[in-house]
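Let's take a walk through a protein model together.

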Amino acid sequence: NRRSCGSFFMNPIISEADAARLPEDAPRFPATLPDGSTGVKTSAAWLIDHAGCHKGYKVDADAPASLSTQHTLALTNRGGASAADIAALARAVQQAVKSAFGVDLVPEPVCVGVL
């Protein structure tokens with residue numbers, strides 16, 4: 001849990017219409033979209049967990065990269081993970097959230113030539 005770059009995904013700011021499609025207990029905070037219109041910020045950690053990627057989630061049992069066992073926003077190197085392993089985990093989490101809620105998660109760290 002100590003080999004990570006911290007929070008990997010930004011909390012998404014989505015339209016009010018997209019926020020209305022989230023489950024009622026999803027976090028919602030007033031925000032402004034890039035075009036200046038009213039939006040809603042929600043929790044990336046909540047989305048990840050509720051999309052089925054819980055603390056400690058791995059793409060497969062032998063994967064050297066996993067979500068932290070303490071927080072779903074941290075992607076961790078469990079020992080010997082390559083950039084490709086971290087990228088595969090990030091893509092799996094993004095796909096799970098997109099499939100469950102229609103929300104695109106954006107990585108917070110700048111990933112050059114990886115994602």
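We will go from the core to one helix, and then to a single serine.

This is a predicted model, in which local features need pLDDT of at least 70 and side-chain atom pairs count only at pLDDT 80 or more, while totals for chains, interfaces and linings use all residues. Residues are numbered from 1 along each chain as its sequence is written, and side-chain values use heavy atoms, leaving out hydrogens and water.

Start with the largest nonpolar core, which has 27 residues. A nonpolar core is a set of buried (under 20% relative accessible area, with a 1.4 Å probe and protein chains only) Ala, Val, Leu, Ile, Met, Phe, Trp, Tyr and Cys residues joined through side-chain atoms within 4.5 Å. Phe9, Leu47, Ile48, Val93, Val97, Phe101 and Leu105 touch the most other members. Ile48 is in contact (heavy atoms within 4.5 Å) with Phe9, Leu67, Val93 and Leu105, among others, leaving aside neighbours within four places in sequence.

Which helix gives the largest share of this core? That is H3, with 6 residues. Helices (H or I, at least four residues) and strands (E, at least two) are DSSP runs, numbered from the N terminus. H3 covers residues 83–101, and its buried residues include Ala87, Leu89 and Val93. Among what covers them are H2, E5 and strand E6 (74–77). Just after H3, Gly102 takes a positive phi of about 70°.

Finally, find Ser43 in the loop between strand E4 (38–41) and H2. Is Ser43 buried or exposed? Ser43 counts as buried because its relative accessible area is 16%. Not counting residues up to four places away in sequence, Ser43 touches Asn11, Pro12 and Pro27.

Conventions. Buried means under 20% relative accessible area, exposed over 50%, partly exposed in between (1.4 Å probe, protein chains only).
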